[in-house]
Amino acid sequence: MTWANILGLFGAMTILASIPSLSVLTVSAKSARGGFIHGFFTTLGIVAGDIIFIIITLWGLSFLEDTMGNFFVLIKYIGGIYLIFIGITIFKAKTNNQVLEKADIKSLSSSFLTGLFITLGDQKATLFYLGFLPAFVDVSNISFFDTLIIILITILSVGGVKLIYAFIAGKSKFLIDQKMGKIINISAGCIITCVGIFMIIQ
């Protein structure tokens, strides 16, 4: 890859990641409820899902969408049901300042899985990368080093943008009282539940 390709890919992925989407809404909702740390782990899940699809695309597994179509449909439904469950749990959660401050391993892994399922549940992502990446790299002649560069670009662009959203939303948690915390729980729960429903019906 040339520097022009690298900069072009970074710019394009940064712009695409900045567009309001299901992933942006989820990262923001997680951060507003549980703080930046939850937005961070949700972002990790989203980036991990993107990296999986990029590796699939770059290493010639474009047939995966056809040969494993049912697998991706299954992932989509499992992810959607999981997100609906998480959304309802958040919606019904009792809120106080200690709950908002708490970030244990179980809840952080839940945030990571939420981000991962949002990405893996989008079966169109493989087709997106198949159409997007060839504009910046020759996928028929890709090297291991090129793959590492693209993964790094993804981490910096997609991850960086989502973390900005997480930081902004996370700041709100320091300005809320118990009543406002309940409103955030209801809003975050509704958003994540709607994301899950959207994944299932799309």
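Colleague: What span should the 16 residues of helix H1 have, and how far apart are its end C-alpha atoms?

Modeller: Keep in mind that this is a predicted model. Helix H1 covers residues 3-18. At 1.5 Å a residue, its 16 residues should span 22 Å. The end C-alpha atoms are 22 Å apart, which agrees.

Colleague: Which residues of H1 are buried?

Modeller: The buried ones are Ile6, Leu9, Ala12, Met13 and Ala17. Seen down the axis of H1, the buried residues fall within an arc of 140 degrees, so they line one face of the helix.

Colleague: And which residues are exposed on the other side of H1?

Modeller: Trp3, Ala4, Leu7 and Ile15 are exposed there.

Colleague: Let's zoom out. How many helices and strands does the protein chain have?

Modeller: The chain has 10 helices and zero strands. Read from the N terminus, the elements run α-α-α-α-α-α-α-α-α-α.

Colleague: What share of the 202 residues is buried?

Modeller: Buried residues make up 46% of them. The chain exposes about 10300 Å². Carbon and sulfur atoms supply 75% of that area.

Colleague: What about contacts between residues at least 6 apart in sequence: what share joins residues at least 24 apart?

Modeller: That share is 91%. Ile54 and Ile151 are 97 residues apart in sequence, but 7.7 Å apart in space, C-alpha to C-alpha.

Colleague: Where is Ile54 found?

Modeller: Ile54 is in helix H3.

Colleague: Is Ile54 buried or exposed?

Modeller: Ile54 counts as buried, because its relative accessibility is 0% and the cut-off for buried is under 20%.

Colleague: What does Ile54 touch, leaving out residues up to four places away in sequence?

Modeller: Ile54 touches Met13, Tyr129, Leu133, Ile150 and Thr154. You have met Met13 already, as one of the buried residues of H1.

Colleague: Now Thr42. Which helix is Thr42 in?

Modeller: Thr42 lies in helix H3, which covers residues 36-58. Thr42 is buried, with a relative accessible area of 0%.

Colleague: Which backbone oxygen lies 3.4 Å from a polar atom of the Thr42 side chain?

Modeller: The backbone oxygen of Ser111 does. Ser111 is also among the residues that Thr42 touches.

Colleague: Changing topic: rings. How many aromatic pairs are there?

Modeller: The count comes to three. One of them joins Phe36 and Phe167, edge-to-face. The ring centres are 6.4 Å apart, with 75 degrees between the planes.

Colleague: Where do Phe36 and Phe167 sit in the chain?

Modeller: The pair links distant parts of the chain. Phe36 is in helix H3 and Phe167 is in helix H9 (residues 144-171), 131 residues apart. Phe36 is partly exposed, at 34% relative accessibility. Phe167 is partly exposed too, with 46% relative accessible area.

Colleague: What about Phe40 and Phe41: how far is it centre to centre?

Modeller: The distance is 5.7 Å, and the planes are 80 degrees apart. That pair is edge-to-face. Phe40 is partly exposed at 28%, and Phe41 is partly exposed at 24%.

Colleague: Which residues form one aromatic cluster?

Modeller: Phe36, Phe40, Phe41 and Phe167 do.

Technical notes. Residues numbered from 1 in each chain as written. Predicted model: local features only at pLDDT ≥ 70, side-chain atom pairs only at ≥ 80, totals over all residues. Heavy atoms only, no water. Helix = DSSP H or I, 4+ residues; strand = E, 2+ residues; numbered from the N terminus. Buried < 20%, exposed > 50% of the residue type's maximum accessible area, 1.4 Å probe, protein only. Polar contact = N/O pair within 3.5 Å; in protein donor to acceptor, adjacent residues only side chain to side chain. Contact = heavy atoms within 4.5 Å. Expected span 1.5 Å × (residues − 1). Arc of directions from axis to C-beta. Phe/Tyr/Trp six-rings, centres within 6.5 Å; stacked < 30°, edge-to-face > 60°. Areas by Shrake-Rupley, 256 points an atom, 1.4 Å probe, with all protein chains shown as cover.
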